[in-house]
Amino acid sequence: MSGADNVVWLGTPAFPEAARAALADTRLRANLRRATGTIRDRRLAVAAELEDWEELRETAATIKRRTLRHLDHHLLRLEKAVTAAGGVVHWASDAVDANRIVTALVKATGGGDIENHEVVKVKSMATQEIGLNEALADAGIRAYETDLAELIVQLGGDRPSHILVPAIHRGRSEIREIFRREMGEWGRPAPEDLTDDPRDLAEAARLHLREKFLRAKVAVSGANFAAADTGTVAVVESEGNGRMCLTLPETLITVMGIEKVLPSFADLDVFLQLLPRSSTGERMNPYTSLWTGVTEGDGPRNFHLVLLDNGRTATLADEVGRQALACIRCSACLNVCPVYERTGGHAYGSVYPGPIGAVLTPQLVGVENAASLPFASTLCGACYDACPVKINIPEVLVHLRAEAVEAKRRDRLLPTSEGLAMKAAGAVLGSPRRLAAVQRLAAVGARLVARDGRIGALPGPFARWSGTRDTPVPTRESLRAWWRRTRPPRSEDSSTTAQGEERR
């Protein structure tokens with residue numbers, strides 16, 4: 001399997017082309033602006049309530065750094081603890097391996113009844129990453145998403161566009177039409193008089209899913225965290241669907257990225273304070289489910305934990321890029337990102353959108369397969385400020401940009417136009433005389449193409465910048481010329497005296 005196959009949807013148009021289409025969708029931009037703004041404001045309010053918020057961030061970052069440094073040790077501890085508690089641990093090197101394991105486990109349950117050809121799922125980015133639903137469908141097994149937003153996405157034949165709110169790009173009227181049109185094909189149909197009131201939509205989803213919860217013999221979940229010392233796995237969610245999936249079926253299969261392990265159960269104290277505030281802007285998650293192996297007479301009788309690599313070990317080898325593995329999937333970086341707010345998640349072409357996707361996806365699949373993503377950022381640093389585990393996303397973006405440029409250079413016999421432009425810029429910027437001459441020529445040229453004091457769309461290499469923004473016409477007098485005119489040169493004696501005072 002090639003690196004480009006590791007993450008579902010990679011291979012869609014490169015980010016610039018996909019973003020251009022998204023920018024033209026005014027409804028999408030309005031939905032994104034409203035939703036991200038609301039979550040952003042709530043996060044700021046609840047984070048401000050904690051006097052030790054920055055200390056919590058630093059503690060979480062330290063735990064993650066130390067865990068990644070000794071990841072192999074903690075994973076072996078986790079395997080031992082889960083096995084001792086009655087669970088079974090499986091190791092999956094890539095998406096194909098993980099899908100094969102899960103499919104075989106589902107088929108092995110029961111005795112061939114119709115119930116064994118379907119599973120219920122808790123929202124899981126790891127299973128989206130490996131394309132589990134598609135793999136199960138190829139094996140004749142139907143997977144039902146039970147998270148409301150994931151259900152909307154599944155019924156609409158769509159794909160998630162946000163880590164926390166997968167259907168953020170959909171409005172209420174769109175959701176109502178999806179329910180009316182598609183629910184009957186997947187089970188209980190939507191009421192004929194269904195409105196777009198959120199309470200009515202939620203009730204329709206509850207009625208649609210209830211029978212599936214009650215008859216399913218197998219559930220598939222992701223994991224937010226797993227404690228290596230006790231073998232305890234944690235899932236946090238807001239609707240209660242996760243609790244149903246984690247307790248009612250006979251068999252529970254959890255697919256977890258290897259980076260989700262924590263050294264100690266006590267570490268959850270830190271992360272369960274940070275995650276809800278950073279994700280939904282809540283003081284605590286409405287539902288926090290913890291389980292350790294299997295317990296007689298309580299919950300599933302069989303528990304399988306699939307530990308997924310799928311490019312993570314390769315990412316771990318990069319001393320700069322590995323910090324992306326500390327991500328706890330809170331989506332705080334998406335909600336503050338000016339690029340994401342205008343383009344949405346689909347433009348990133350990956351299950352991981354936004355700033356974290358721009359640094360994680362290229363490392364999981366190889367930067368040459370996602371070369372445009374590290375450039376999908378203004379490098380404003382808002383994501384770093386918002387990240388609860390202090391991932392320096394701008395630093396990783398710059399690092400990956402250098403790798404993307406180097407990968408392009410290796411594949412070309414001749415220098416790129418960008419490379420030639422940078423060499424020319426270096427020659428100009430290296431000489432004050434040349435810089436002044438180029439500034440004068442550029443100002444004259446700009447005034448020739450300007451209309452009403454603005455420079456509009458330009459051809460050639462200037463098209464990408466000028467096609468979506470107007471540029472003011474430069475003033476007739478440059479800063480250098482103004483400075484020379486208004487600040488006459490000082491005498492040699494006064495200049496020497498001033499330099500001496502400055503050194504002192």
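This is a friendly dialogue on how to read a predicted model of a protein chain.

Reader: Among contacts between residues at least 6 apart in sequence, what share joins residues at least 24 apart?

Author: That share is 74% in this chain.

Reader: Now a pair of helices, please. How do I describe the packing of H2 and H12?

Author: Two packed helices are described by the angle between their axes and the distance between the axes. Here, helix H2 (residues 26-48) and helix H12 (residues 268-279) pack at about 145 degrees, and their axes are 7 Å apart. On the H2 side the contact is made by Ile39, Arg43, Val46 and Ala47, and on the H12 side by Arg277, Ser278 and Ser279. By class, the contact residues of H2 with H12 are three nonpolar, two polar and two charged.

Reader: Let me go inside. Which residues touch the most other members of the largest nonpolar core?

Author: They are Leu78, Phe179, Phe271 and Ile356, in a core of 104 residues. Helix H16 (residues 354-365) is the element that gives the most to this core, with six residues. Take Ile356 as a case to click on: setting aside neighbours within four places in sequence, Ile356 is in contact with Ile163, Ala324, Cys327, Cys333, Leu334, Ile391 and Ile393. Another core lies apart from that one; it has 20 residues, including Ile101, Leu136, Val218 and Val255.

Reader: And the pockets? What is the volume of the largest pocket, and which residues are closest to its centre?

Author: The largest pocket holds about 1,900 Å³ of space. Its lining has 40 residues, with Pro16, Phe375, Glu418, Arg464 and Trp465 closest to the centre. Helices H1 (15-23), H15 (338-343), H18 (393-410), H19 (417-429) and H21 (463-466) each supply at least two residues of this lining. The lining of the largest pocket divides into 20 nonpolar, ten polar and ten charged residues.

Reader: How much space lies in the second largest pocket, and which element gives the most to its lining?

Author: The second largest pocket has about 1,400 Å³ of space. It is lined by 50 residues, and Lys123, Ala149, Leu164, Val165 and Glu239 lie nearest its centre. Among the elements giving two or more residues are H2, helix H10 (198-215), strand S7 (251-257) and H12. The most comes from H2, with six residues. The lining of the second largest pocket has 25 nonpolar, twelve polar and 13 charged residues.

Reader: One last topic is backbone angles. Where does Ser331 lie, and is Ser331 buried or exposed?

Author: Ser331 has a phi near 75 degrees, a positive value in a residue other than glycine. It lies in the loop between helix H13 (312-316) and helix H14 (332-336). Ser331 counts as buried because its relative accessibility is 3%, and the cut-off for buried is under 20%.

Reader: Then what about Asp452: buried or exposed?

Author: Asp452 is exposed, with a relative accessible area of 83%. Its phi is near 55 degrees, again positive in a residue other than glycine. Asp452 lies in the loop between helix H20 (432-449) and strand S11 (454-455).

Terms used
Residues numbered from 1 in each chain as written. Predicted model: local features only at pLDDT ≥ 70, side-chain atom pairs only at ≥ 80, totals over all residues. Heavy atoms only, no water. Axes fitted to C-alpha atoms, helices over the stretch in contact; angles between N-to-C directions. Helix = DSSP H or I, 4+ residues; strand = E, 2+ residues; numbered from the N terminus. Contact = heavy atoms within 4.5 Å. Nonpolar A, V, L, I, M, F, W, Y, C, P; charged D, E, K, R; others polar. Core = buried A, V, L, I, M, F, W, Y, C linked by side-chain atoms within 4.5 Å. Buried < 20%, exposed > 50% of the residue type's maximum accessible area, 1.4 Å probe, protein only. 1 Å grid on protein atoms, 1.4 Å probe; cavity = no way out; pocket = protein on both sides within 12 Å on 5 of 7 lines; lining within 4 Å. Points joined across faces, edges and corners; volume = space filled by probe spheres on them.
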